[in-house]
Amino acid sequence: MKIEVEFDLKVVLRWFLAAILLWAALGKIANLQEFHANLAAYKLPLSDPLLRLAVTVVPWLELLCGILLVAGKVRRAALLWSVILFGVFVLATGQAWGRGLEISCGCLKLEFLGDGPAKHLLETVQFAFWRALLLLAAAVYLLRASRRH
Amino acid sequence: MNPPLDHPHDSSVTSNARLWSQAACIFAAAVVFGVLYNGLSPLGVRPQAAGVAAVGSAAPGVAVAKPALVHPGVFNETVSMTLEALASNIAQPPLVHPMPAVAQAEIPKLTWPQVRDLLVAGKIVLVDARPKAAFDLGHIPGAVCLASNAPLAELQAFASGLPKDSALVIYCGANTCGASQHLARQLAAVGGFQSISEMPGGFAEYTVAQTAPAAPAP
């Protein structure tokens, strides 16, 4: 009996995006105050109530998008939100990089890496900017591909 | 068999309308879940006046060490941002080599009730290892701000302002942050402090203790 495994780039990308979103969401939901402090460090032109609303809603948007992408349900809407979220992350990390803010990006929980140089590199806004840009590109590709079907 | 589409444009409009309505539903669900969770969680974010400790307030009887490191109540945002931009060019402090034995040893761990008693008795210097932005949003009253990634000069200035036999207790955000342990080793190496402890539960443990109902009297 021959089993054929078909490699589908779109499925792999969708699962990868979902994993990143779920990882990011669970880390933020576990400690909203820490996420609040991380977000405040970006010095975005947001009032305190708006900042707290973002802290409250963004992790759940990430979680819902991650779950929907894994489940393959309401896929286009989940991808649309993924594009918006990664676009916002690109802008936020880009402006922090441009202003020379030496802050931790606060995007993903990386404590399992210890306190070594790898963790510090992955937490820099420069690395976070390029990572968000790649994830944005992947989300845009998947959204466009889903429209053709 | 699907019926033929007479008007492809109509189909596209319908599809887009469905997409945006689904996206709106996802957003609404995120708002509902987020607001509910934030309201129920003891680690939720609250308006500053109601939920977090007042910046700069110290517990009675506790001397706040090294006033120069306590961020003033009024400070200029532009100046602060400029200083942070300048600080970004400063290299991270290297650990002193060889590290003293205390810097390599296991750091004693304390819980918030233990720390609270020591703090009230004025026996410890409580150090907040989180970034300044986190400290400004709220901190344990009586704590001083010394970010774990502070430049070497700032660590040395902090160490020189305290007697070597000072008992330091360091905390960060929660038991997953790691910044308190990093700062503890840095201070042991740079300042030669012999008594450095960590409060692994961090600000989260303090916040939970503040919001939890008081235990009934026996």
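## A strand pair in chain B

Glu198(B), in strand 4 of chain B, is the bridge partner of Ile170(B). This comes from a predicted model. The strands involved are strand 3 (residues 167-171) and strand 4 of chain B, which pair in the parallel sense over 5 bridges.

Strand 4 covers residues 195-199 of chain B. Of its 5 residues, 4 are buried, so the strand is largely enclosed by the rest of the structure. In a regular strand, side chains alternate between the two faces of the sheet.

## The largest nonpolar core

Nonpolar side chains tend to be buried together in soluble globular proteins. Here the largest nonpolar core has 89 residues. Val127(B), Val169(B) and Leu187(B) have the most contacts inside it. Helix 4 of chain A (residues 75-98) gives the most to this core, with 11 residues.

What is Val127(B) in contact with, leaving aside neighbours within four places in sequence? The list includes Leu168(B), Val169(B) and Ile170(B). Ala143(B), Val144(B), Leu146(B) and Leu183(B) are also on it.

## Chain A

Chain A has 6 helices and 0 strands. Its pattern along the sequence is α-α-α-α-α-α. The chain has 149 residues, and 41% of them count as buried. Take its contacts with a separation of 6 or more: residues 24 or more positions apart account for 70% of these.

Helix 2 of chain A (residues 32-40) is mostly covered, with 9 of its 9 residues buried. Among them are Leu32(A), Phe35(A) and Leu39(A). Gln33(A), Glu34(A), His36(A) and Asn38(A) are buried too.

Notes
Residues numbered from 1 in each chain as written. Chains lettered and ligands numbered in written order. Predicted model: local features only at pLDDT ≥ 70, side-chain atom pairs only at ≥ 80, totals over all residues. Buried ≥ 20, exposed ≤ 12 C-beta atoms within 10 Å, placed from the backbone. Helix = DSSP H or I, 4+ residues; strand = E, 2+ residues; numbered from the N terminus. Pairing = 2+ DSSP bridges. Core = buried A, V, L, I, M, F, W, Y, C linked by C-beta atoms within 7 Å. Contact = placed C-beta atoms within 7 Å.
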